Structure formats: structure tokens, C-alpha cells
Amino acid sequence: MTRIANHDELERAVRQTVAAQPITDIHTHLFSPDFGDLLLWGVDELLTYHYLIAETFRASNVSYDHYWAMTKTEQADLIWKTLFLENSPISESCRGVVTTLNALGLNVESRDLNDYRWYFAETNVHDFIDRVFELANVESVVMTNDPFDPTEQPVWQQERQGDPRFHAALRIDPLLNGYESGMRKTFKAWGYDVTRSLGKKSCKEIRRFLSEWIERMNPKYMAVSLPPEFMYPENSARGRIIERCVLPVSKEYNVPFALMIGVTRAVNPQLRMAGDGMGKADLRSLENLCRENPDNKFLTTLLSRENQHELCVLGRKFPNLMIFGCWWFMNNPSVIEEITRERIELLGLSVIPQHSDARILDQLVYKWSHSREIIADVLVDKYADTLTAGWQVSTDEVKRDVSALFGENFKRFLEA
Ligand code: FIX
Ligand code: ZN
């Protein structure tokens, strides 16, 4: 076992190990090819990513109506012109497009969007999936699977081909956030005998629904995104469904419950998917969940930077809580660096530092290359401090640690 005795060697070993480590991406919005058009890829999709749409409305004076009336190609043309030609693409989402096109071997210097379109038109989706997984060095991804989505639901109800690199996650936002405003009627129409009061019978029916979908999807976890006001326990349909349906089913099937807290949907509805905002959450909700349900497992990511320190402290108190990823507005280099340092200082290696949240397959390339670099920077510093303190790690120990962060922690948490 060769121990690493100096800083230069340490830096080289950590960077190489992080670059070579295949990743399990635990939260994306990608789909395996059998979902057809739900799998998004290509330059027009990359450019019309909702992060870039929001930036375009700031930088051009296009009206909402005009923008939404355009075809996807026209929207992509406008975004390219506004954010890449009339301004320099230095925001994180713009830089991501550049990183991705470059890594795919396209001539970024030409700035010729039609040339990039040509490349994608000539590419077969199956070959492209292989290429992206290889370039990003991603081993597998977890999708976001919504049984309430009318385009997605029928795919699950047929015999599926699937792709072993794409795992499922059962997303239950409509059930938890929309039970009173329509979902109850949908449930009834689907043959589940539920009522407004959510008595014993209704809860049994909702548990039946969750069990059926768990058996159908074999999901890695059940997930929900929640507003900053989320409280638990809560005297609401959501609170009752979590307590009486989600938690028991999660425990019975050993399928963790993932809470993604802090999103305020449709702060500016004119922006459609780009119009969601955020706020600081009250983490007493998570504290109560973890304490009252020690035999349940919780995965959590939060949208507000202001919540991250408290979340680390909660992680120290509850081994049934696994903290993951720098979600959405947190997925920027300065914040990733800060939060990764804080997490490692407070929790050591027992976190899942990042997920990509990729919506477009190609984004795996940039989201992971950007994050890998920052996580490697932090690790180099942390090992260097430990070296100064007198502890020499071996290259095998660095490999063990890096593999925990990028995949093993997730696998072990699921298996526990
Ligand atoms: O709720 C979520 O899973 C969010 O990640 C998305 O709704 C959001 O639109 C997104 O793409 C963030 O990266
Ligand atoms: Zn997401």
C-alpha cells in the first residue's frame, strides 16, 4: 500500500481518481429511449433548457407571448443570438453548453449553430447515449418518473424494454401537493376508493396505489418536491398522506423517501417551467420526520443556501438521513464549492455530494465535468490538511473514498 507523502502527489492522485470514477447520478429528469420523445437531447433542447430561457428574458426584450408562440428552432435561434452572440456565455448554464459542444468535438469557435444541428441530425440516439455516458463517465442515472403524467403512464403499463443504465424514481408531487385540488378525483376515476377526509379506507387505497407503482417501477426511492412552508407533522392532506401512506409503504418496501424542499412553483407563471422560485425551509419538519421514524430512510436536498448548514447538523444527528446534491439554484461553482466543503467538514465522507438534475441527455457532460472539478479541489484541500496534521492516505484509500462519494454511499444507503 503506497502512502502519499507530499502535496503534489496527493493532488495528482485525487484529480486522477475523481476523473476516473464512474458516477451514479441519483437525480435526473432523463428517460431511457423506450420513453420516446420524453428523452430530450440535441442542441436545440440544450439551448431551450429552462435555465437559459430565464436568462434570455432578462437579456432580450422579446415578449412572453412572442417567445412561446415560436417553434423550438426559433426559440433556440433567439437564445443563441441573445446569450452567446450578443453577450458572452459566462453564466453557469451558458458555459455548460460550451463545455458540452466542445467535449462532443464540435467546433465552438465557428459559433455556427446550424453546423451543430447538422451533427445531431446525423446522430443516432442509441449511439449518442453511449457517447454521452462515456464522455461524462456516468455509469447509471436515476430518472424522475411521474405515474400521473399522461405521456409517461402508458409506457409503464406496457411491457417495457428499458435500459439497465436508467433506474426509476417514483415521483409523487401530484399526490402530496395536489390531493385536495383535483388528485382525489383522479384517484377515484382510476378505481381507488378515496374520500376527502382521508380515513382508514382512503389511506389503504393510497397505500395500494403506491405499492402497485413500486412493484411496477422498482424505483430506487419515492420523491417529492416541497415548498418552503412545508411542515411536518401538518394538519393537511399532505401531512396525513405522508404519515399514513408514504412512510409505511417506504418502510415496508425499503424504498427511501426523498424530500426536495424549498421550491415555490410558478413565482412568475409567464416563464412557465423557468418561473419557479425558492425560499428558506423550516427544517424542524425534517427533524421531526427523522426522529419519529428511525426505521425509515430519508434522502434530502434543499434549494436554499441558507438552509445548508442546518441540514449538515441534522445529518450528524440522524443516520437515517442521507444528504444529496446541490439542487438547481445551488448548482453553481461558488455554491457547490462552499457547500461541499461544509458537508465534508461536518459529515466526512457520508454524503452524496452531487446529482446532475440533467433534463437533456447532453447535459450529463457539462454538469459532471464542472462538478467533478470542484469536488476534486475540495478533496485535495481536505486531504492536504489531514496530511499536514500527520496522516498519510494511500492511493487505494483515496479510491475507496471517491467511490463512496460518487456511488457506493447511495448503494449502501439503499441496501441498509
Ligand atoms: O423538482 C425538481 O426535480 C426540479 O429539479 C425541477 O423541477 C426543476 O425544474 C429543475 O430542472 C431543476 O434543475
Ligand atoms: Zn429535479
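In what sense do strand 6 and strand 9 pair, and over how many bridges? Strand 6 (residues 257-261) pairs with strand 9 in the parallel sense, over five bridges. Here two strands count as paired if DSSP finds at least two bridges between them, and helices (H or I, at least four residues) and strands (E, at least two) are DSSP runs numbered from the N terminus. One pair to look for is Ile-261, which stands opposite Leu-302 in strand 9.

Before going on, a word about what you are looking at. This is a predicted model, in which local features need pLDDT of at least 70 and side-chain atom pairs count only at pLDDT 80 or more, while totals for chains, interfaces and linings use all residues. Residues are numbered from 1 along each chain as its sequence is written, chains are lettered from A and ligands numbered from 1 in the order in which they are written, and side-chain values use heavy atoms, leaving out hydrogens and water.

Let us stay with strand 9. Five of the five residues of this strand (residues 298-302) are buried, so strand 9 is largely enclosed by the rest of the structure. Buried means under 20% relative accessible area, with exposed over 50% and partly exposed in between (1.4 Å probe, protein chains only). Both faces are covered, with Phe-298, Thr-300 and Leu-302 on one side and Leu-299 and Thr-301 on the other.

Strand 9 also runs parallel to strand 10 (residues 321-323), joined to it by three bridges; Leu-299 has Met-322 of strand 10 as its bridge partner. Now step back to the whole sheet: it is open, has five strands in the order 4-5-6-9-10, and its pairing is parallel. Strand 4 (170-171) and strand 10 are at the edges with a single partner strand each, so one side of each has no neighbour in the sheet.

A second open sheet holds three strands in the order 1-2-3, again with parallel pairing. Its edges are strand 1 (23-25) and strand 3 (166-167), each with a single partner strand, so one side of each is left without a neighbour in the sheet. Strand 2 (residues 138-142) and strand 3 run parallel and are joined by two bridges, and Val-141 has Phe-166 in strand 3 as its bridge partner.
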